[in-house]
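I opened my notebook to look up a few things in this structure. Come along and check each entry against the picture.

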Amino acid sequence: MTGRFPSTLEVSMVIFFANRSNLQVRRLHAGIKKRWRKHLSEVRVTRASARDPGMYRVIGEVDPRSFLDDESYPASETRIEIGFKLQTPDPYEYYWFNWIDPERELMVGWHQDDDHNDLGPVHLQVNDGTSAVDHQPAHFLDAHPYSVVEQRFGELSAAIAAIEWDDSGRPSGFDVSSPVIDTT
């Protein structure tokens, strides 16, 4: 398994782009769930907690060693979570796309929201436990949410590889020379 959806899904993305203005939050998350069932296990849609932005999250379990094609990855179970908020003060949707490794208390992901405006409309974030360790600007995708899911899914391996680690094995930030960091 690689960090990309098959090319047949890429073709279907074009179909949905034209209907972006008619998105419904529940239907969008159900559609992501349906697509992820082909590539992840235990895929479900849940209501976001009161402290989380947006109404729903799609969560899928993944074997990180298979997904990253790296038998040395130090955890055996991870999950990918995504959520969208459709009605925002900006002319685009907000989203949160996260790789969560509970064994190492690691979270890395893209957040498109109204936090960290100094980094632009989307940033890449790494957390050690519940504490954010680093935020870096990321490439802004003004696209249909299905296209955002496809592109971020394809970039996930590079985002994980961009994490820098301290001597105790904890995440300390990002390698800013990584292609997933927007230095422009």
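**Entry 1: the chain**

I read along the sequence and noted the pattern α-α-β-β-α-β-β-β-β-β-α-β-β. The chain has four helices and nine strands; helices (H or I, at least four residues) and strands (E, at least two) are DSSP runs, numbered from the N terminus. I wrote down that this is a predicted model, where local features need pLDDT of at least 70 and side-chain atom pairs count only at pLDDT 80 or more, while totals for chains, interfaces and linings use all residues. Residues are numbered from 1 along each chain as its sequence is written, and side-chain values use heavy atoms, with hydrogens and water left out.

I then looked up burial. Of the 184 residues in the chain, 47% are buried (under 20% relative accessible area; exposed is over 50% and partly exposed in between, with a 1.4 Å probe and protein chains only).

**Entry 2: the largest pocket**

I looked up the largest pocket and found a volume of about 570 Å³. A pocket here is an open set of points on a 1 Å grid over the protein atoms alone, where a 1.4 Å probe fits, with protein on both sides within 12 Å along at least five of seven lines; lining residues have an atom within 4 Å of a point. The volume is the space filled by probe spheres set on the points, which are joined across faces, edges and corners.

Which residues lie nearest the centre of the largest pocket? They are Arg51, Asp52, Glu81, Asn98 and Ile100, out of 21 lining residues. The elements that give two or more residues to this lining are strands S2 (56-62), S3 (78-85), S4 (94-101), S5 (106-112) and S6 (123-128). S3 gives the largest share, four residues.

I also sorted the lining by type: seven nonpolar, eight polar and six charged. Ala, Val, Leu, Ile, Met, Phe, Trp, Tyr, Cys and Pro count as nonpolar, Asp, Glu, Lys and Arg as charged, and the others, Gly among them, as polar.

**Entry 3: helix H4**

I followed helix H4 (residues 145-161) from its first C-alpha to its last: its 17 residues reach 24 Å, close to the 24 Å expected at 1.5 Å a residue. The expected span is 1.5 Å times one less than the number of residues. H4 has a kink of about 45° centred on glutamate 155; the bend is the angle between axes fitted to the seven residues ending there and the seven starting there.

Why is H4 largely enclosed by the rest of the structure? I found that 12 of its 17 residues are buried, so the rest of the structure largely encloses it. Among the buried ones are Tyr146, Phe153 and Glu155.

**Entry 4: aromatic rings**

I searched the whole structure and found nine aromatic pairs. Rings of Phe, Tyr and Trp (its six-membered ring) pair if their centres lie within 6.5 Å; planes under 30 degrees apart count as stacked, over 60 as edge-to-face and the rest as tilted.

Phenylalanine 67 and tryptophan 99 have ring centres 5.6 Å apart and planes at 35°, so I noted the pair as tilted. It links distant parts of the chain, 32 residues apart: phenylalanine 67 is in helix H3 (residues 64-67) and tryptophan 99 in strand S4. Both residues are buried. Ring pairs link Trp36, Phe67, Tyr73, Phe97, Trp99, Trp110 and Phe153 into a cluster.
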